Amino acid sequence: MRMLVTGGAGFIGANFVHQTVRERPDVELTVLDALTYAGNESSLDPVADAVTFVRGDIADTDLVDSLVADTDVVVHFAAESHNDNSLHDPWPFVRTNVIGTYQLLEAVRRHDTRYHHISTDEVYGDLELDDPAKFTPDTPYNPSSPYSSTKASSDLLVRAWVRSFGVQATISNCSNNYGPYQHVEKFIPRQITNVIDGIRPKLYGKGENVRDWIHVEDHNSAVWSIIEKGAIGETYLIGADGETSNKDVVEAILEIMGLDCDAYDHVSDRPGHDMRYAIDATRLRTELGWEPRYRNFREGLAATVAWYQANEAWWRPQKDATEAKYAQLGR
Ligand code: NAD
Ligand code: DAU
């Protein structure tokens with residue numbers, strides 16, 4: 001099988017490529033990645049011999065067409081992915097997430113290529129803290145931020161291309177991922193690397209917001225289940241029952257790193273900050289038989305802390321610029 005992975009130099013895409021090389025040596029992998037500030041080609045160093053890397057933009061019609069012409073399956077991870085950035089400058093989100101997805105859909109339509117679309121639970125908006133409900137594939141779309149609204153737009157393009165043009169596509173909407181190779185702008189790596197640097201972790205607002213954490217390896221094993229067994233046109237929600245408040249995450253990081261659990265600061269809240277996400281992954285579990293491997297968030301978090309401690313050379317070049325951006329936002 002020939003597979004084109006967009007965004008394969010980013011966090012989840014790189015982990016997907018590693019997992020695929022490890023577990024499916026018969027797959028011929030090509031990565032298409034623009035290497036934006038969030039992309040890091042060195043994330044693919046351990047598998048460089050097994051992958052063809054193309055630096056380029058998913059919004060480049062001719063490049064995308066030529067790559068899709070030579071592939072059997074496209075797995076589309078590439079995106080602008082950070083909510084805080086989208087509040088500051090939404091245009092790259094519209095360009096990459098909406099127009100980039102459009103270009104890929106047109107190419108898979110021309111070449112009749114199987115397409116899997118990676119998306120987020122944020123398309124559903126948020127839930128109240130005391131609401132027993134979780135997101136299901138029937139939850140109405142209600143995105144809050146420029147980031148989530150562009151991801152919702154891209155999902156709707158996929159649905160329309162399936163119905164109108166018969167494109168062979170599936171969609172997955174996953175909750176918050178953690179694990180190795182995540183950019184230090186994101187919550188967990190930011191706090192781990194702050195602690196390493198002697199900076200107190202920073203919690204937005206009261207820190208009551210809840211995210212449904214899943215290990216990146218579990219996200220990617222679910223993506224493989226959908227590629228192999230998913231029904232064309234279907235949406236699968238991916239989550240592993242990992243609901244945890246931001247305050248509890250910060251306290252766990254501090255404890256794992258040997259500091260007092262209250263050694264953090266509250267900073268100004270994110271505008272429009274979604275309160276809670278929670279995934280009901282029943283369809284994935286019952287119809288496709290998928291199960292997560294990482295069931296203990298604290299153990300996964302401790303392994304992630306150890307990864308950042310052991311791989312400073314990977315994250316150090318991103319750190320100062322990231323904190324300078326946050327300093328401008330007062331966070
Ligand atoms: P990331 O920001 O770490 O990586 C994105 C990658 O896409 C980078 O390598 C970047 O260089 C590349 N890219 C950006 N614009 C591009 C363009 N125009 N052309 C080609 N490449 C481009 O993101 P991530 O956290 O790995 O997220 C990957 C996907 O998973 C995204 O679609 C995101 O919406 C989705 N998702 C993320 C999470 C999460 O918790 N991180 C959860 C659910 C879904
Ligand atoms: O739910 C899936 C989404 O999860 C993905 O679609 C996004 O691509 C991914 O970035 C993530 O979005 P969040 O906005 O939830 O992730 P982030 O890591 O930015 O923040 C997680 C929570 O932590 C959120 O409630 C904001 C809070 N936070 C974040 C940072 C960076 C802090 O309290 N302090 C911080 O310094």
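Author: Helices, of at least four residues, and strands, of at least two, are DSSP runs numbered from the N terminus. The model is a predicted one, and the protein chain holds 11 helices and 13 strands.

Reader: Where does that place Asp112?

Author: Asp112 falls in the loop between helix 4 and strand 5, with helix 4 spanning 91–111 and strand 5 spanning 114–120. Its phi is positive, about 55 degrees, although Asp112 is not a glycine.

Reader: Why is Asp112 called exposed?

Author: A residue counts as exposed if 12 or fewer other C-beta atoms lie within 10 Å of its own; Asp112 has 10 such neighbours, and therefore it is exposed.

Reader: What makes Leu35 partly exposed?

Author: Partly exposed is the class between exposed, at 12 or fewer C-beta neighbours, and buried, at 20 or more. Leu35 has 13 other C-beta atoms within 10 Å, so it belongs to the class in between. Leu35 sits in the loop between strand 2 (28–33) and strand 3 (51–55), and its phi, near 50 degrees, is a positive value in a residue other than glycine.

Reader: Why does Ala252 count as partly exposed?

Author: The cut-off for buried is 20 or more, and Ala252, with 19 other C-beta atoms within 10 Å, is therefore partly exposed. Ala252 lies in helix 8, and, its neighbours within four places in sequence left aside, it is in contact with Arg298 and Leu301.

Reader: Which residues of helix 8 are buried, and what do they pack against?

Author: In helix 8, residues 246–256, the buried positions are Asn246, Val249, Val250, Glu251 and Ile253. These buried residues pack against helix 6, strand 8, strand 12 (243–245) and helix 10 (297–310). As background, an α-helix has 3.6 residues a turn, so residues three or four places apart point the same way. Just after helix 8, Gly258 takes a positive phi of about 80 degrees.

Reader: What makes the radius of gyration of the protein chain agree with a compact globule?

Author: For 331 residues the globule rule gives a radius of gyration near 20 Å, and the protein chain has 19 Å, so the two agree. The C-alpha atoms fill a box of roughly 55 × 45 × 35 Å along the principal axes, and buried residues make up 47% of the 331 residues. Among contacts between residues at least 6 apart in sequence, 81% join residues at least 24 apart.

Reader: Which residues in the largest nonpolar core touch the most other members?

Author: They are Val5, Phe77, Val108 and Ile238, in a core of 75 residues. Beyond its neighbours within four places in sequence, Ile238 has contacts that include Cys174, Ile214, Ala281 and Leu284.

Reader: What surrounds ligand 1, and how does its shell divide by class?

Author: Ligand 1 is surrounded by 30 residues, the closest being Gly7, Gly10, Phe11, Gly39 and Ala79. Helix 1 (11–23), helix 4 and strand 5 are the elements that give two or more residues to this shell, and the largest share, 3 residues, comes from helix 1. Gly counts as polar here, and the shell divides into 13 nonpolar, 13 polar and 4 charged residues.

Reader: Which residues come nearest to ligand 2?

Author: Of the 19 residues around ligand 2, the nearest are Ser81, Thr120, Lys186, Phe187 and Tyr204. Helix 6 (187–196) and strand 8 (202–204) each supply at least two residues, strand 8 giving the largest share with 3, and by class the shell has 4 nonpolar, 8 polar and 7 charged residues.

Reader: Which residues does the UniProt annotation "domain: NAD(P)-binding" cover?

Author: That annotation, from an unreviewed UniProt entry, covers residues 4–301. In the model this span is 39% helix and 17% strand, and its end C-alpha atoms lie 30 Å apart.

Key
Residues are numbered from 1 along each chain as its sequence is written. Chains are lettered from A and ligands numbered from 1 in the order in which they are written. This is a predicted model: local features need pLDDT of at least 70, side-chain atom pairs count only at pLDDT 80 or more; totals for chains, interfaces and linings use all residues. A residue is near a molecule or strand if its C-beta atom, placed from the backbone, lies within 6 Å of it. UniProt positions are given in the numbering used here, feature names are shortened, and annotations may be inferred rather than shown by experiment. The radius of gyration is taken over C-alpha atoms; the globule rule is 2.2 Å times the number of residues to the power 0.38. Two residues are in contact if their C-beta atoms, placed from the backbone, lie within 7 Å. A nonpolar core is a set of buried Ala, Val, Leu, Ile, Met, Phe, Trp, Tyr and Cys residues joined through C-beta atoms within 7 Å.
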